[in-house]
Amino acid sequence: MRSRYTAYVLGKLDHIDCTHAPEIRDDFNRAEAERTVASVEWLGLNIHNASENGDAGSVEFTIRFRRDGKELTQYEASSFRREAGRWLYAGGKVSAKPPPRQVTKIGRNDTCPCGSGKKYKKCCGT
């Protein structure tokens, strides 16, 4: 993922094109990518999660960029797969922001999550 982000920053669109999986390679719109590279100032990449399972992988990341004077953020959950030793972009789901964090509320009389075996109110909840 980092190599693809760097390729966008440097305008090296051949790298973007050759790291697409064959089944989505025709979906790559080079003219649109060139317009994006010319009109965007890249501000950063933040990888939230990356996992690998054999020859399949996934990366959740946020990119920040400035377009038309506005700072924007884009969150994406991408899938990759390894073919002949190379990781190829196989697709992704784009959103304006990452999914909200799930918070579990701990009741006063619940067992403390620290593992002490005590009630929460007598342990970490004091």
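**Chatting through the sheet, helices and salt bridges**

Colleague: Is Arg 64 buried, exposed or in between?

Modeller: Arg 64 counts as partly exposed, because its relative accessible area is 38%, and that class runs between the 20% and 50% cut-offs. Bear in mind that this is a predicted model.

Colleague: Okay, and where does Arg 64 sit?

Modeller: Look in strand E2, which covers residues 56–67.

Colleague: Which residues does Arg 64 touch, if we skip its neighbours within four places in sequence?

Modeller: Trp 42, Leu 43, Gly 44, Glu 71, Leu 72 and Thr 73 are its contacts then.

Colleague: Let's zoom out. What order do the strands take in the sheet?

Modeller: The order is E1-E2-E3-E4, in an open sheet of four strands with antiparallel pairing. E1 and E4 are the edge strands, each pairing on one side only. From one strand to the next, the twist averages 25°.

Colleague: What holds strands together in general?

Modeller: Backbone hydrogen bonds pair the strands of a sheet, in a parallel or an antiparallel way.

Colleague: How many bridges join E2 to E3 here?

Modeller: Twelve, with E2 and E3 (residues 70–83) running antiparallel. For one example, find Glu 60: its bridge partner in E3 is Ala 77.

Colleague: Now the inside. Which residues make up the largest nonpolar core?

Modeller: That core has twelve residues, among them Tyr 5, Ile 24, Trp 42, Phe 61, Phe 80 and Leu 88. Strands E1 (40–53), E2 and E4 (86–95) each supply at least two of the core residues.

Colleague: Which strand gives the most to this core?

Modeller: E2 does, with four residues. There's also a second, separate core of five residues, including Ala 7, Leu 13, Ile 16 and Ala 33.

Colleague: Switching to helices. Which strands does H1 lie across?

Modeller: Helix H1 (residues 2–10) lies across E1, E2, E3 and E4, running at about 165° to E1. Helix H3 (residues 30–39) lies across E1 and E2, at about 120° to E1.

Colleague: Which residues of H1 are buried?

Modeller: Arg 4, Tyr 5 and Ala 7 are the buried ones. Seen down the H1 axis, they fall within an arc of 160°, so they line one face of the helix. On the other side of H1, Arg 2 and Leu 10 are exposed.

Colleague: And what do the buried residues of H1 pack against?

Modeller: They pack against helix H2 (13–18) and against E1, E2, E3 and E4.

Colleague: Which residue does Arg 30 pair with?

Modeller: Asp 14, and their closest N and O atoms are 2.9 Å apart. That pair links distant parts of the chain, with Arg 30 in helix H3 and Asp 14 in helix H2, 16 residues apart. Arg 30 is partly exposed at 32% relative accessibility, while Asp 14 counts as exposed at 55%.

Colleague: What about Arg 35, who's its partner?

Modeller: Arg 35 has a salt bridge with Glu 32, where the closest N and O atoms are 2.9 Å apart. Both residues lie in H3, three residues apart, about one turn of the helix.

Colleague: Where are the two ends of the Asp 55 and Arg 82 pair?

Modeller: Asp 55 is in the loop between E1 and E2, and Arg 82 is in strand E3, 27 residues apart. Their side chains meet in a salt bridge at 3.1 Å, N to O. Asp 55 is partly exposed at 48%, and Arg 82 is partly exposed at 27%.

Note on methods. Residues numbered from 1 in each chain as written. Predicted model: local features only at pLDDT ≥ 70, side-chain atom pairs only at ≥ 80, totals over all residues. Heavy atoms only, no water. Buried < 20%, exposed > 50% of the residue type's maximum accessible area, 1.4 Å probe, protein only. Contact = heavy atoms within 4.5 Å. Core = buried A, V, L, I, M, F, W, Y, C linked by side-chain atoms within 4.5 Å. Pairing = 2+ DSSP bridges. Axes fitted to C-alpha atoms, helices over the stretch in contact; angles between N-to-C directions. Arc of directions from axis to C-beta. Salt bridge = Lys/Arg side-chain N within 4 Å of Asp/Glu carboxyl O.
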